[in-house]
Amino acid sequence: MKAIQRNLPALFLFVAVLLLWEGAVALFAIQRFLLPSPSVIAVAFMDNIDRLIHIGWFTTKEALGGFAIGCSAGILVALATSRWTVASETLMPFAIAANSVPIIAFAPILNNWFGVDNPFSKMMIVAVIVFFPMMINTVRGLTAIDPTMLELMRSYGASERAILRKVRLPNALPYMFSAFKVAATLSMIGAVVSEYFGGNRSALGVFITQEAAQFRFQNAWSAIIVACMIGLTFYLVVLLIERLTIPWHSSVRNT
Amino acid sequence: MTDKIVSLSHVDMTFNVGRSNATVALKDINLDIAPGEFISLIGPSGCGKSTLLRLAGDLLQPTGGAIVVNGKSARQARLDQDYGMVFQAPVLLEWRSILKNIMLPMELRGLSRREQEARAHELLQLVELDGFARHYPWQLSGGMQQRAAIARALAIQPKLLLMDEPFGALDEMTRERMNSELQKIWQQTGTTVIFVTHSIAEAVFLSTRIVVMSARPGEILHITNVDLPTPRTLDTHEHPHFFELETEVREWLRRAKGYTVA
């Protein structure tokens with residue numbers, strides 16, 4: 001009940017924007033290929049629902065696969081670099097530089113390497129996109145330890161392994177969840193945009209470009225809504241797992 | 001003295017040896033500590049008392065001299081988990097409940113889960129935190145967190161308890177209460193304590209001996225024997241001899257160059 005009350009203003013705004021949009025399209029007689037009205041998009045959505053679910057799931061699998069590959073690789077490299085300071089000092093500047101590169105620009109190259117129809121090429125693009133934020137955040141979490149805490153562990157004769165298990169990894173979890181949340185959003189963006197450069201016929205991004213090319217903009221819009229819903233769901237699932245995993249952390253406990 | 005738990009002989013400590021910013025922190029420190037003693041280290045800021053504590057705990061290695069703890073090297077004593085440490089900050093793990101924080105050193109020693117929990121509950125009673133086992137550190141006040149840190153340090157019945165200004169961050173009232181509690185715990189457990197402090201009153205109240213150090217490079221200026229009767233209570237503060245001892249320490253501290261009254 002409280003949750004509904006708290007979200008009431010946002011819900012109200014959402015409905016108001018839809019009504020304004022609908023009204024503006026009718027009032028200014030905006031042509032359908034420029035901006036279809038919400039009601040037209042809704043009809044297109046219902047007409048194409050089976051196909052939209054099919055292509056939505058196809059792209060979701062690419063996003064999830066890329067998320068899994070990229071995040072695992074990011075965590076593994078972070079563990080290695082935080083273990084050996086030489087590796088960290090060598091790799092971190094490159095990782096931080098690479099993080100600000102528009103990796104999506106490499107999409108055509110990776111499409112070429114792994115095959116444009118092969119979902120694996122999209123997974124690899126997503127993996128590369130999510131790798132850097134994942135790795136950088138995990139390294140920060142593993143190394144941002146109160147020096148006194150490390151002294152305490154050493155005073156007990158704790159091994160590096162024990163320090164990793166009992167201090168570094170739990171300390172890194174909140175940092176990793178920040179990265180997971182960023183990666184969840186990025187992975188859906190990455191999957192759809194990489195499909196704009198060509199891909200399997202049953203992919204969300206391919207559907208959007210094809211429908212748009214044939215002036216069926218209401219269909220393109222309905223696919224965009226599917227992409228938004230998937231991205232949002234993915235983010236919310238990560239948020240839920242975060243709350244269940246690190247209830248002790250200051251970012252979670254007071255809300 | 002044959003019966004000694006800590007023996008420092010001719011200990012020197014220089015930071016950044018061989019570089020232009022080399023700093024001599026400690027010079028020719030000689031100190032023997034008998035089992036069950038409560039030794040306070042007091043001196044001007046930067047005199048190396050925390051450094052001396054870290055040398056005894058093998059968190060730093062001396063550049064000269066020898067440190068023997070419990071009949072072995074400080075390193076071996078550390079690996080044998082002979083130490084308990086308490087710092088100015090409680091450094092509790094925020095993802096662990098108070099009970100689990102106290103269990104940490106016992107986990108590292110590999111005690112059984114049942115033993116760990118039973119002992120942790122005993123310690124919670126000792127530091128008067130029973131009822132807070134399932135609380136998280138952020139739900140406790142600073143004084144309570146520090147008590148939890150003391151309970152954690154006592155968890156593996158350390159031969160030597162090293163305390164680095166443990167009550168420095170607490171207000172005066174809490175500090176006095178913590179002093180009484182620490183005194184009680186020390187008598188109950190019979191553990192040896194090395195205690196770094198800035199407070200003369202605290203040192204006189206708690207110690208068997210007070211080591212007064214000079215400004216950098218830190219040397220032992222004077223050792224005051226505290227022959228006040230035990231157990232010490234709040235009334236001890238009013239004891240005439242308490243004032244005499246305070247004055248003695250204060251005068252030696254004035255001789256330590258660079259001492260400023262905080």
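**Close-up views of a predicted two-chain complex**

Chain B has a mean pLDDT of 88, and 97% of its residues reach 70 or more. The model is predicted. For the complex as a whole, the predictor gives an ipTM of 0.86 and a pTM of 0.84.

**Figure 1. Chain A is built from eleven helices and zero strands.** Along the sequence the pattern reads α-α-α-α-α-α-α-α-α-α-α. The C-alpha atoms of chain A fill a box of roughly 75 × 50 × 30 Å along the principal axes. Chain A has 255 residues, and 36% of them count as buried. Take the contacts between residues at least 6 apart in the sequence of chain A: 75% of these join residues at least 24 apart.

**Figure 2. Helix 9 of chain A spans residues 204-213 and has a run of buried residues.** Buried here are A:Leu204, A:Gly205, A:Val206, A:Phe207 and A:Ile208. What covers them? The cover includes helix 3 (49-83), helix 8 (160-196) and helix 10 (217-245) of chain A. Just after helix 9, A:Phe215 takes a positive phi of about 60 degrees. Most residues other than glycine have a negative phi.

**Figure 3. A:Ala29 sits in the loop between helix 1 (2-27) and helix 2 (38-47) of chain A.** A:Ala29 is not a glycine, yet its phi is positive, at about 50 degrees. Is A:Ala29 buried or exposed? A:Ala29 has 6, so A:Ala29 is exposed.

**Figure 4. Chain A and chain B meet through 15 residues of chain A and 17 residues of chain B.** On the side of chain B, the elements giving two or more residues are helix 2 (74-79), strand 6 (83-86) and helix 3 (98-109). Which of the elements of chain B gives the largest share? Helix 3 of chain B does, with three residues. By residue class, the side of chain B that touches chain A divides into 13 nonpolar, two polar and two charged.

**Figure 5. Six strands of chain B form an open sheet.** The strand order is 6-7-8-3-9-10, and the pairing is mixed. Strand 6 and strand 10 (220-225) of chain B are the edge strands, each pairing on one side only. From one strand to the next, the twist averages 15 degrees. Helix 8 (residues 240-255) of chain B lies across strand 3 (38-42), strand 9 (209-213) and strand 10. Helix 8 runs at about 180 degrees to strand 10 of chain B.

**Figure 6. Strand 6 of chain B is an edge strand with buried residues pointing both ways.** B:Tyr83 and B:Met85 point one way. B:Gly84 and B:Val86 point the other way, and all four are buried. In a regular strand the side chains alternate between the two faces of the sheet. Strand 6 runs parallel to strand 7 of chain B, and four bridges join them. B:Gly84 stands opposite B:Leu161 in strand 7.

**Figure 7. Strand 7 (residues 160-164) and strand 8 (residues 192-196) of chain B pair in the parallel sense.** How many bridges link the two strands? The pairing runs over five bridges. B:Met163 has B:Phe195, in strand 8 of chain B, as its bridge partner.

**Figure 8. B:Val91 lies in the loop between strand 6 and helix 3 of chain B.** B:Val91 is not a glycine but has a positive phi of about 35 degrees. Is B:Val91 buried or exposed? The cut-off for buried is 20 or more other C-beta atoms within 10 Å. B:Val91 has 22 C-beta neighbours inside 10 Å, so B:Val91 counts as buried.

**Figure 9. The peptide bond from B:Arg216 to B:Pro217 is cis.** Its omega is near -5 degrees. Where is B:Pro217 found? B:Pro217 is in the loop between strand 9 and strand 10 of chain B. Most peptide bonds are trans.

**Figure 10. B:Ser180 lies in helix 6 (residues 172-189) of chain B.** B:Ser180 counts as partly exposed because it has 16 C-beta neighbours inside 10 Å. B:Ser180 and B:Phe205 are 25 residues apart in sequence. In space, their C-alpha atoms are 8.6 Å apart.

How values were computed
Residues numbered from 1 in each chain as written. Chains lettered and ligands numbered in written order. Predicted model: local features only at pLDDT ≥ 70, side-chain atom pairs only at ≥ 80, totals over all residues. Buried ≥ 20, exposed ≤ 12 C-beta atoms within 10 Å, placed from the backbone. Contact = placed C-beta atoms within 7 Å. Nonpolar A, V, L, I, M, F, W, Y, C, P; charged D, E, K, R; others polar. pLDDT = per-residue confidence, 0-100. Pairing = 2+ DSSP bridges. Axes fitted to C-alpha atoms, helices over the stretch in contact; angles between N-to-C directions.
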